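Dear colleague,

I am handing over the structure below, with notes on what was found in it. Please keep it open while you read.

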Amino acid sequence: MRAYLPGYELVVPRDLAEALALLRDEPGAWKPFAGGTDLMVLFEAGRLAHRKFFSILQLPELRGVEETSEHVTLGALTTYTEVQRHATLRREFPMLCRAARETGGVAIQNRGTLGGNIANASPAADSPPALLAYDAQLELISAAGSRWVAYGDFHTGYKQTVMRPDELVARIRCPRPSTNAKQYARKVGTRRAQAISKICFAGLAEMFDGRVAEIRLAFGSVAPTVVRCRRTEAVLSGQKIDAATIRAARSELAVEIAPIDDVRSTAGYRLRVALNVLEEFLSRLAANE
Amino acid sequence: MATNKNSNGFRRNDGNNADANGKDLKVVGKPFRKVDARAKCTGQTKFADDIVLPRMLYAKLLRSHEPHAIIKSIDTSKAEALPGVLAVITGKDLPIPYGILPVSQDEHPLCVDRVRFIGDPVAAVAAIDEDTAFEAMNLIEVEYEKLQTITSIEEAVLIDEPRIHDYGEGGNVHKSVHLEFGDLDEGFAQADLVREDVFFYEGNTHLPMEQHAAVAHYDSDDKLTLWTSTQTPHYVHRALAKTLGMRAAHIRVIATPNGGGFGGKSDPFNHEIVVCELSRRTRRPVKVTLTREEVFYCHRGRHPVLMKIKTGVKKDGAITAMDFESFLDGGAYGSYGVASTFYTGALQTVTYDVPRYRFKGLRAFTNKPPCGPKRGHGTPQPRFGLEVQLDKLAEELKLDPAEMRLKHLAPPNSVTANYLRIGSMGLGKCIEKVVKGSDWKNKHRKLPFGKGVGLACSSYICGAGLPIYWNNMPHSGVQLALDRQGGVRIQCGSIDIGQGSDSILAYIVAEVLGIDPFDIRVLTADTDLTPVDLGSYSSRVTLMTGNAALQAAERARELLSIAVAEKLCTPVENLSFADRRVFDVENPETGVTFAEAVVLAESKFGTIGTVGSYTPPRSPGKFKGAGVGPSPAYSYSAAIAEVDVDAETGFVTVERVWIGHDIGRSINPMLVMGQVEGGVYMGLGEALMEEMIYRANRNAVHKFPSMLEYKSPTTLEMCDVLTYLVEDADPNGPFGAKEVGQGPLLPVMPAVANAVYDAVGVRVDEVPITPEKVLAALRAKARGKEARFGPTGVPAVEWPDALKVLTPAEGGDGKEMPRVAVHS
């Protein structure tokens, strides 16, 4: 029981190169510190092994939102508040804006960053299901260079990712969804703010000729990582949405996800709500809402 | 009707603002600001943790990480050797036990030979700064021998050994009571319908914004001063004298302004005693501020209570008999638990007529943080069960639940079956107000699936009729000193925990003396300087300190009147005190200023000071156990909640609450409204999400001792509240005032539960009503099972023989019936 912080070191690199050099020279020793909304909680609770931190919040290379006709690319330091205020994101990426609005409270939204939400790799994070449904790609940078990975391939296990100890998340690139795409997101927490999810869903689909032409389904808090439910998507792909399809999709989803009991909810509740939320999305698709 | 909760103004029932003699009131009934409001709003108020004294040390308590174990050894040598450490103490240094109730002196400032819950303190250090104290604390080595852990009511009644305490009713039963008022069999035989229901109310905690903090200074004259965030400085004073082996006259306890209490700062706490001992040893001031995690483990919050209620009713809903069983999970120590146990069975009878009543209550010891009083102390749990059961009874009888309640209200100025004397009783008006305001008749059972309304009522005491320790002295004392320049000083032992008790003193004295409340210096909660008030608990302060202040002020006015009447050559009865003047009502220009009046009085009588005190009336109950429940007056509340239930997720949103509260009279309607809304807010937390729960691996570790995961409503969950104040002056209240600090919380939880049923047709007979439980009940309903989530039974226990008392209607005298010897 402590109201006490251990000693720590916090440096402010002058530029991105200096930040990446820290990671290169002492891999694993330095923890990047962006908004700090996760790190400060863990640190105060004595659950963070690191004692060396470097701030990246001041690095302009990791900021900004760029648009091309194909993509919208967000700097890793884009805050939840910036997401909510961006006109294009509001118009074309409502699920991401909704996730940003439902993350923590106003103070957390002002400081917390998308890159941090991704790098922290919590299975209960709010923005990742939307990013999965938008088929996002991540740019990982290091002193050795840069590489792009599909966000769907980013998580490898509970709090495990393909990121190397010398890398930072630099940018998040999302293809602009077609104007025909239907989007539906839902977060269920104990309360409407300042609550980590019991379950979180994002779904995006395009219908053609009454059939599912493309569908992407993603959940948070139902597995060791946020998950894209490709098997359930396969069950739905090319199908008309009727009672039988919904039943088949529910059955597939029930075996595709593996929720657990924890302090926020139970496995049984999460499973049932996941199925109900999926059904709600599919019913809306069928009704062309 | 206004729908904006901030603009609906103050609804008065009587439409005027005059005292019992018809005199217009200038201060009472007006929405003055609090006397301490500006300091609170601008951050100037000095709380306990803001106190910094020269050469001050910091203390940390090492707390057990074992839930139940014998202390084999404690090695403090490494901690003592750490530079900057000035003292390390353990249980043997403070061997005298204490506890809030004389019958439960079962705590030690530091555990002597055994730890009983995770968080029980075993050693303490004082060091030059908090970091050094923390480091030293971690250098203390404790060797434990583990004992079996008892984690639930069910385990406690089954497992006799090991015993958590060696006193109580045997095994791990702390207290069990069995009271019977009237012939229950006859009552149930008369009933047209009898229902038996089982309910569970999970424990929750106070969650004050301010963590507990205390600073002790044992000075060079061997006098000890303790500044502490407490609701009960007088009881802390007594506990310090006992445990430190000091004369009470050498100890001064100053209660600092409270950043929230809600019952959580009503016990004397181990950290308070520990800093005093550390200061005595080091002769330096010592401060301790608990971490938020420690506050969760100190707890003393709402008891988890399992209940079985059997109620018989006639076709029109008239109750013929009620049999109430409650099982309390007390945690590791006694605290207020014996009183809590009685409270789970006391107030069932003051809302509706219950002619025959039986109460069986049992409190168990478990290896968890001790439970105690939280807002409503022991009564929200039975009230939840009772009001939900009434909703079920009304449905079975095809009666409107509001009509059914209205028809069978307990009458005013009556004595209940269990010998509680009811004075004023405004519950009927409260129900009528919320029924009309909410458009109940067009909503109940008429809204679309997913939307619903629910009604519930409640009552609460305006101060416990008896003190914590037996004595015949007043419960509250006020001293008034009048300065010849017109200043007035009020001294009273009461502590303002945010409810506005300092302000109430000023308003009442200002009203009587005709001066401005902000002219008055209010000095409270300092055992060296103020007469005893028992503390800010049991909703006693406005009624008791208010009456004491009223008496002191009237005595001062009398002295001033005599002197001024002499000077003005006017009869005393012609004098009026208003607008900082004392004048002849028949000739208002003839008068003196208030300051001149004090000069005249001081010239005539010498230094002007008066006292007032208040002792509650004797209760008609004379049986053993009659001490819990009696009060000078009872407040009443009725609430209707309107909810939205999402059947997909089980998520309950409370959209609006209409609440009527019988306040007797508002001393300050703005503060009353604030308390009502605060009660609704806390009630929503209890109804929907708050719970003190522990990991199930038998280690009894709190699942989430932090504000991150112990979920309490945010501003987004707070609903609109429409408040109706019913003002029907009670003869025992100052200007007729009754309580509001606790009562309005009580109807919220059952109103929400009843609304959930109205919305989706499932009963969640358990608090909190989480989405998981709603969804489970909906699933049961869809599968054709009972549309309910809740407990199914209570443990079978052997109750002691009933203590039988004839009811007043049966000609009883409030005494226990002689037990008839059975010859075989």
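This is a predicted model: local features need pLDDT of at least 70, side-chain atom pairs count only at pLDDT 80 or more; totals for chains, interfaces and linings use all residues.

Apart from neighbours within four places in sequence, B:Val756 is in contact with B:Gly452, B:Val643, B:Val645, B:Val652, B:Val764, B:Ile769 and B:Val774.

Next, a loop in chain B. B:Leu745 is found between β28 (720-726) and α17 (748-760). B:Leu745 has 31 other C-beta atoms within 10 Å, and is therefore buried, since 20 or more are enough for that. Not counting residues up to four places away in sequence, B:Leu745 touches B:Arg375, B:Gly376, B:Pro380, B:Gly679, B:Met682 and B:Gly683. B:Tyr460 is 285 residues from B:Leu745 in sequence, yet their C-alpha atoms are 9.8 Å apart in space.

The last item is in chain A. Which residues of helix α1 (residues 16-25) are buried? They are A:Ala19, A:Leu20 and A:Leu23. These residues cover an arc of only 95° around the axis, so they are on the same side of α1(A). A:Ala17 and A:Asp25, on the other side of α1(A), are exposed. The cover over the buried residues of α1(A) includes strands β2 (30-33), β3 (52-55), β6 (137-142) and β10 (168-175) of chain A.

Regards

Definitions and conventions: Residues are numbered from 1 along each chain as its sequence is written. Chains are lettered from A and ligands numbered from 1 in the order in which they are written. Two residues are in contact if their C-beta atoms, placed from the backbone, lie within 7 Å. Helices (H or I, at least four residues) and strands (E, at least two) are DSSP runs, numbered from the N terminus. A residue is buried if 20 or more other C-beta atoms lie within 10 Å of its own, exposed if 12 or fewer, and partly exposed in between; C-beta atoms are placed from the backbone. The arc is that of the directions from the helix axis to the C-beta atoms.
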